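The following note is intended for a colleague who is meeting this structure for the first time. Please read the numbered points beside the sequence and the model.

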Amino acid sequence: YGHLTWEWKKAIRSYTHPLIFAGLYKLLALTGLDNPLTLSLAPRVLQGIFAAFGDLFLYRLTLGILMVHIFLRVQIRPTSLALWIPVGVAELLAGQNRPSFVFLEALPIGLASLGLMTAIDSLFYGRLVFVPWNFIKFNVLEGGASHYGSHPWHWYFTQGYPVITFTLLPVAALGVACAPRRRHLAGLILWALAVYSVIPHKEFRFILPVLPLTMLYAGVGLAHFQGKLAQKEAEDSAREEPLTGNVGRRRGPPFLWVAGGILLTQVPLALYLSMVHQRGTVAVMPLLAQEAASGRVRGGGMMFLTPCHSTPYTSHIHQRVPLDFLDCSPPTPPATWDESDHFFHEPLHFLRSKQGAVIPDEDSHTMPPSTTEDGTEPPSTTEAGTEPPSTTEAGTEPPSTTEAGTEPPFTAEAGTMPPSHIIIFDDAELLRQVQPFLDEQ
């Protein structure tokens, strides 16, 4: 049981990464520890161990191990290669033994990693597959990622990077300014931001790999600031009058004010964003798992009426119960509505049209908007089952038509049952709109 997301149907994800966790799940099953709690915590611990080893070898600059880590990252997220291209070029140009670096380190590790990845993916997909090409083709060349939103080209420079660095940015800029011989890493940050800016779909998480480099410069900036203060105090002490006992008056600890300001802004935000902000997506899962284990899930099971990618789904419930959610797969044709768009635009009509279909077919998650013969959206009419327009940058929705030129309203299959559990996050207005449907059920 479970759900295979659209990324695997388009072969833009490598099986190398989940295969690691599949081994962990199998170990838990063999030891009888495969319960919802351990299944949700164990992958986090294992991923944390991987991250710790990556940081350790990056700190030690153990090049061979670091390159293995880099190629593994590229297998998981091919666009992460952009951050490491300048590093490889710099190592190639500055190295004393270039042939050794190319033929004894980079090529063997790279070819072995890509070959292993291709073999694993081709085995599980059942055909010859090169995932990095599929990933770049769909997200970059075809613009498929834009379905989940797009931002102007300067967004990483004007909003994304300043937000994730926050109070670290001023002292990091000071570190860059006072370390002219170490600005190559600052160039790496600018390079990564520029490359990722080419892709219309942008997220904060995509540029998190440049955060450690920013912290490095912030440390340099703080050390420079502290050194300047110590030098200033020494100069002031030298000008004092020891005979009169005038020891002067200190101006206070400005370094502690700066360092304390960074801690007082970064630490509370880190705790809030990690432990409080939008925690309901995970906090609700133990309760649902308990409901499923106790046999209280009946009829159509559980329906998640939540925004896109807001639930860990079966991985945290670990029970064979009917589940359904608002699908956000990129629709065909592009730029039309997905199921989530329809629900949040007219919740009550969507639920009544779906009639409690909690176990839909593989293709029943697609519900494009209806169109008229001239390709425009008709007005919203709940009784007629049509769907109101969704605006794009051009202000209109590209048409999706059937042979008759219209799309019939979405209806459930005969014999489906209403859900016994409906999950809606803290949204009073949404709850008010769907309350009639809940009363009907």
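1. Confidence. In the protein, helix H8 (residues 155-165) has the highest confidence, at 95, and helix H4 (residues 63-76) the lowest, at a mean of 63. The score is pLDDT, the predictor's confidence in each residue, from 0 to 100. Helices (H or I, at least four residues) and strands (E, at least two) are DSSP runs, numbered from the N terminus. The protein averages a pLDDT of 77, and 78% of the residues score at least 70.

2. Basis of the values. This is a predicted model, in which local features need pLDDT of at least 70 and side-chain atom pairs count only at pLDDT 80 or more, while totals for chains, interfaces and linings use all residues. Residues are numbered from 1 along each chain as its sequence is written, and side-chain values use heavy atoms, with hydrogens and water left out.

3. Over residues 356-415 the pLDDT stays under 50. For this segment the model has 112 contacts beyond four places in sequence, a contact being heavy atoms within 4.5 Å.

4. The disulfide. How many disulfides does a search of the whole structure find? It finds 1, where a disulfide is a pair of cysteine sulfur atoms within 2.5 Å. The partners are Cys308 and Cys328, with sulfur atoms 1.9 Å apart. The link of Cys308 and Cys328 is left-handed, with -95 degrees about the S-S bond. Cys308 lies in the loop between S1 and H15, and Cys328 in the loop between S2 and helix H16 (339-345), so the pair ties together parts that are 20 residues apart in sequence. Cys308 is partly exposed at 27% relative accessibility, whereas Cys328 is buried at 5%; buried means under 20% relative accessible area, exposed over 50%, and partly exposed in between (1.4 Å probe, protein chains only).

5. Aromatic pairs. The structure holds 11 aromatic pairs. Rings of Phe, Tyr and Trp (its six-membered ring) pair if their centres lie within 6.5 Å; planes under 30 degrees apart count as stacked, over 60 as edge-to-face and the rest as tilted. Tyr313 and Phe325 form an edge-to-face pair, 5.0 Å centre to centre and with 75 degrees between the planes. This pair links distant parts of the chain, 12 residues apart: Tyr313 is in the loop between strand S1 (302-304) and helix H15 (314-317), and Phe325 is in strand S2 (residues 323-325). Tyr313 is buried at 11% relative accessible area, and Phe325 is buried at 16%. Elsewhere, one aromatic cluster is formed by Trp8, Tyr15, Phe124 and Tyr125.

6. Positive phi values. Tyr313 also has a positive phi of about 60 degrees, although it is not a glycine. Ala11, another residue other than glycine, has a positive phi near 55 degrees. Ala11 is placed in the loop between helix H1 (6-9) and helix H2 (16-30) and is buried, with a relative accessible area of 0%.

7. Helix packing. Helix H9 (residues 168-177) packs with helix H11 (residues 211-238) at an angle of about 75 degrees, their axes 6 Å apart. H9 is therefore roughly perpendicular to H11. Axes are lines fitted to C-alpha atoms, for helices over the stretch in contact, and angles run from 0 to 180 degrees between N-to-C directions. Angles under 35 degrees count as roughly parallel, over 145 as roughly antiparallel, 65 to 115 as roughly perpendicular and the rest as oblique. Residues that meet include Leu168 and Val171 in H9, and Thr214 and Phe225 in H11.
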